[in-house]
Amino acid sequence: MAAIWRFFVSFWKWILIILLVVFILLAGAAWYLSSRWKPLLDTQLKQLVLNSSDSLYRVEYTDLKINLISGNASLKNLKLIPDENRYKELEILKRAPDNMYNLQVESFDLVNFHPRRLYDTRKLNVDKIVIDHPKMIITNKRQPYNKEADTTSKKSLYQMISKSLKEVRIADIQLKDIDFVLINKSTPKEKKTAIKNLNLMVTDFLLDSLSEKDKDRFYHTRNVDVELKNYKIATADSLYFLRFKSVKFSTRGKSLVMDEARMQPRYEIPAFYRKVKMSKDRFDIRFNQIVLKGIDLEKLKQEQRFFVNRMVLADGKVGIYNTNALPKKVENKTGKFPHQQLQKLALDLRIDTLQLRRVQIAYQEFNKKTGKTGTVSFANTRGAIYNVTNDRTALAKNKFMRAELSTLFMGKSNLHVTFNFNLTDKHGAFTSAGTLGAMDGRALNPVTNPLAMVTVQSLNVRKLQFNIRANEKVARGTVKFYYSDLHVQLLKIDDETGRLKKQGLVSGIANTFVLNVGNPDPKNNNVFTVGNIYFPRPASFAFFKFYWKSLLEGVKESVGVSREKENRIRNVASKVGEVVSGVKSDFEALKEKMRENKLERVKKRELKKKEKKAKKAQEEEKKDLEAKKDSAASGS
């Protein structure tokens, strides 16, 4: 937002300077041409630009036409050209400006500038100015002496024209299809920003002795409408594009509207992680509309402070993806809570109300161990954040930023959460409270199954309430979790197939001896267990990870899994696993022995069959021999 504002102010100052130059040219032209001194006009106009710019700029154009009868005028192929060598000389003299402008305009047309009034009263009144396809390059190189200079000694715009004109008034100014390039040489590495398809409409421009102090005017105008279409820019890390179908700014409405705004990844998921080579959140954020209302233009113009009554983020989708298949960069995130970062902004900021309307949020994480992706979703997120500020005056009145948010957790249950952030606490103190409504706990399986290897077989959630008091060091609080009929199935990776499979025995032990089937617990005289939160923040944990991990501590204790019991469960599970493995090994050995015995019995049966068959064959052969002998004896 600050970048857009800096562009607009720089751009509008440039427009005013150019208009003044042209007005002075036309004022002089009217008098010169009335005396038919046109040959002298070109020299006078160019000398005027040189003198007024301390010889930094020269002006060129191919044709100047003025019709004193119709009151129309036009300049063709107007160019304002800077002298870079002169700029270097001005730097040595400490008179160089922060910005240098290079301008080209295909046509500059004035409709009815009332020549008679201009001649008689020295008042330039124009019905319309149309500037077609201006191309401008602004080179920014901040000079330290300009910051230190006494601004009161600088001439106002009216003082610059007062010797030639008493008043300049234009009903409408249209700048069509502007191409703009900003070159920033104030940073260690030169940066270039290009903007195309920019249109600007100005209504009722007035420059006289009083207009500069008129609070109903913005830079001497009643209204300025700026429209930027199909804008795209890459982020500094080159991982994302910022896209806007249109950006509209109105000084009369004191509003800024951005349609179809998107922070779009430049790479698909596999290519993104090949690029970053680490576990890192990948964002895909889009809003159909972002609106800022009640912008304090006077604060912006005079003090460069961005004060807004209301900001609305409407009809959006926020997608976040991560993976544990890559190494994670461990860094200290102390002092980087959102409200702490807000205080470090260079721009003085105050947004009275930041509204969210119909925002869909989804966090996905790929688990290398299971080979699956878990998803946590928050549908139809809406609410408001109040007193978003780092302004000292505002903080002296109210040091808390308050948030009230509602959403549909996993698309099933209403979740209402409030935050109170202490904006002046050096340790980032905050409090939070929330309530989750009734839901079928099996809706948690899309996240618990792939990420925790736990299937919720049954769980009737009636209500969950929590309170958290925290800072960047530790979180404390309580969780009240009302539920019944809790049964889970623990899973593990099958060594042979690599797929998840049930752990029947361990699951049975967990359901029977570890977990509370309900809260209040019917197996323990309906005793209600309050989950206590005490969670010291690891230095590498960012705000939201720290927040939900703290909440998870209270939830686990509510269901009967305190930190001590969790450690015992791990030991029991390990021992049960060893016993199961041992029993499985013995059973496999027994099966192998039985198989060997069976093979031995089969071999014996086959051998007996062969022996019996052979014996039978011998007996039949013996009978045949005896029969042959008897036959021979009978014949003889």
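Two strands pair if DSSP finds at least two bridges between them. Helices (H or I, at least four residues) and strands (E, at least two) are DSSP runs, numbered from the N terminus.

The structure is a predicted model, in which local features need pLDDT of at least 70, side-chain atom pairs count only at pLDDT 80 or more, and totals for chains, interfaces and linings use all residues. Residues are numbered from 1 along each chain as its sequence is written, and side-chain values use heavy atoms, with hydrogens and water left out.

## The chain as a whole

The chain contains 14 helices and 23 strands. Of its 636 residues, 40% count as buried, a term for under 20% relative accessible area, with exposed meaning over 50% and partly exposed lying in between (1.4 Å probe, protein chains only). Of the contacts (heavy atoms within 4.5 Å) between residues at least 6 apart in sequence, 64% join residues at least 24 apart.

## Strand pairs

| Strands | Sense | Bridges |
|---|---|---|
| S2 (residues 63-67) and S3 (residues 72-82) | antiparallel | five bridges |
| S4 (residues 99-111) and S5 (residues 123-132) | antiparallel | five bridges |
| S5 and S7 (residues 167-184) | parallel | nine bridges |

In a regular strand the side chains alternate between the two faces of the sheet. Strand S2 has Leu64 and Ile66 on a covered face, while Asp63, Lys65 and Asn67 lie on an uncovered one. Lys65 has Ser74 of S3 as its bridge partner. Four residues separate S2 from S3 in a hairpin, and Gly71 in the turn has a positive phi of about 75°. Elsewhere, Phe108 stands opposite Ile131 in S5, and Lys128 stands opposite Asp172 in S7.

## Helix H3

Helix H3 spans residues 84-92, and Arg86, Tyr87 and Leu90 are buried in it. Seen down the helix axis, the buried residues of H3 fall within an arc of 105°, so they line one face; the arc is that of the directions from the helix axis to the C-beta atoms. The face turned away from this buried side carries the exposed residues Glu84, Asn85, Lys88 and Ile92. At the start of H3, a side-chain oxygen of Asp83 comes to within 3.0 Å of the backbone nitrogen of Asn85. Just after the helix, Lys94 takes a positive phi of about 60°.

Ser279 is placed in the loop between helix H7 (269-276) and strand S12 (282-295). Ser279 counts as buried because its relative accessibility is 10%. Its side chain makes a polar contact of 2.9 Å with the side chain of Asn322. Such a contact is a pair of N or O atoms within 3.5 Å; within protein, one must be able to donate a hydrogen and the other to accept it, and residues adjacent in sequence count only if both atoms are side-chain atoms. Not counting residues up to four places away in sequence, Ser279 touches Asn322, Thr323, Leu326, Pro327 and Lys328.

A nonpolar core is a set of buried Ala, Val, Leu, Ile, Met, Phe, Trp, Tyr and Cys residues joined through side-chain atoms within 4.5 Å. The largest has 120 residues, and Leu292 and Ile295 have the most contacts inside it. Strand S20 (residues 454-470) supplies the largest share of this core, eight residues. Another core, of six residues, lies apart from it and includes Leu239, Tyr240, Phe272 and Tyr273.
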